[in-house]
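Have a look at the sequence and the 3D structure first, then try each task before you read its solution.

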Amino acid sequence: MGCTTAKIHEPLSQRLREKASEIFKKLDIKGNGTIDKQGTEQFWKSNFAKLNTEALFDAVDFDKSGDITEEEWMAFWEIVKENGYSEEEINMELEELMDGKAWVQFKRVDRFLKIDEKRRGSRVKSIVQEEKKKLSIIQPTRLQKSKTLQSEGHDMQHEIQQQS
């Protein structure tokens, strides 16, 4: 039996997924679950806003709809990781984004996306679908936690009123 040197793709850590999700929410200026160009230009203000926005959309708007969904956003970061960027490098870029710094081009990801466009079975589409599944599991959990917290707050408020 021979030994293989095939690389096994490690998914993005939960910590980086949460950080990427936080930035998505920051870029989703309207709070409608998508990132649009107007919102990203507001996010970057005068820091080469148009240039950064175009670079972001060229890299992440996989279906070229003019909006970036959370699935596309998270799939992009998974693709970055899959293309050999380390957790530390990704964390650094996410930190920079959080601070409103410029969008960075990931050359290996750009090459991957160009090759993927020519494939019959798009790897990008399957990664976006995987993200859709992950997010559909996470979203109801978030919603349930939110409802539980609201309910607990209501119960406490009711209890306080009864004691008065």
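**Exercise 1: The overall fold**

The chain has 7 helices and 2 strands, where helices (H or I, at least four residues) and strands (E, at least two) are DSSP runs, numbered from the N terminus. This is a predicted model, in which local features need pLDDT of at least 70 and side-chain atom pairs count only at pLDDT 80 or more, while totals for chains, interfaces and linings use all residues. Residues are numbered from 1 along each chain as its sequence is written, and side-chain values use heavy atoms, with hydrogens and water left out.

**Exercise 2: Buried or exposed?**

Task: decide whether K19 and L51 count as buried or exposed.

Solution, step by step:

1. Recall the cut-offs: buried means under 20% relative accessible area, exposed over 50%, and partly exposed in between (1.4 Å probe, protein chains only).
2. Find K19 in helix 1 (residues 14–27). K19 counts as buried because its relative accessibility is 13%.
3. Now find L51 in helix 3 (residues 49–60). L51 counts as exposed because its relative accessibility is 60%.

**Exercise 3: Partners of K19**

Task: which residues is K19 in contact with, leaving aside its neighbours within four places in sequence?

Solution: contact means heavy atoms within 4.5 Å. With those neighbours set aside, K19 touches N91, L94, E95 and M98.

**Exercise 4: The largest cavity**

Task: describe the largest cavity by its volume, its lining residues and their classes.

Solution, step by step:

1. A cavity is a set of points, on a 1 Å grid over the protein atoms alone, where a 1.4 Å probe fits but cannot get out; lining residues have an atom within 4 Å of a point.
2. Grid points are joined across faces, edges and corners, and the volume is the space filled by probe spheres set on the points. For the largest cavity this comes to about 40 Å³.
3. Its lining consists of W77, E93, L97, A102, W103, V104 and F106.
4. Sort them: Ala, Val, Leu, Ile, Met, Phe, Trp, Tyr, Cys and Pro count as nonpolar, Asp, Glu, Lys and Arg as charged, and the others, Gly among them, as polar. The lining of the largest cavity has 6 nonpolar, no polar and 1 charged residues.

Technical notes. 1 Å grid on protein atoms, 1.4 Å probe; cavity = no way out; pocket = protein on both sides within 12 Å on 5 of 7 lines; lining within 4 Å.
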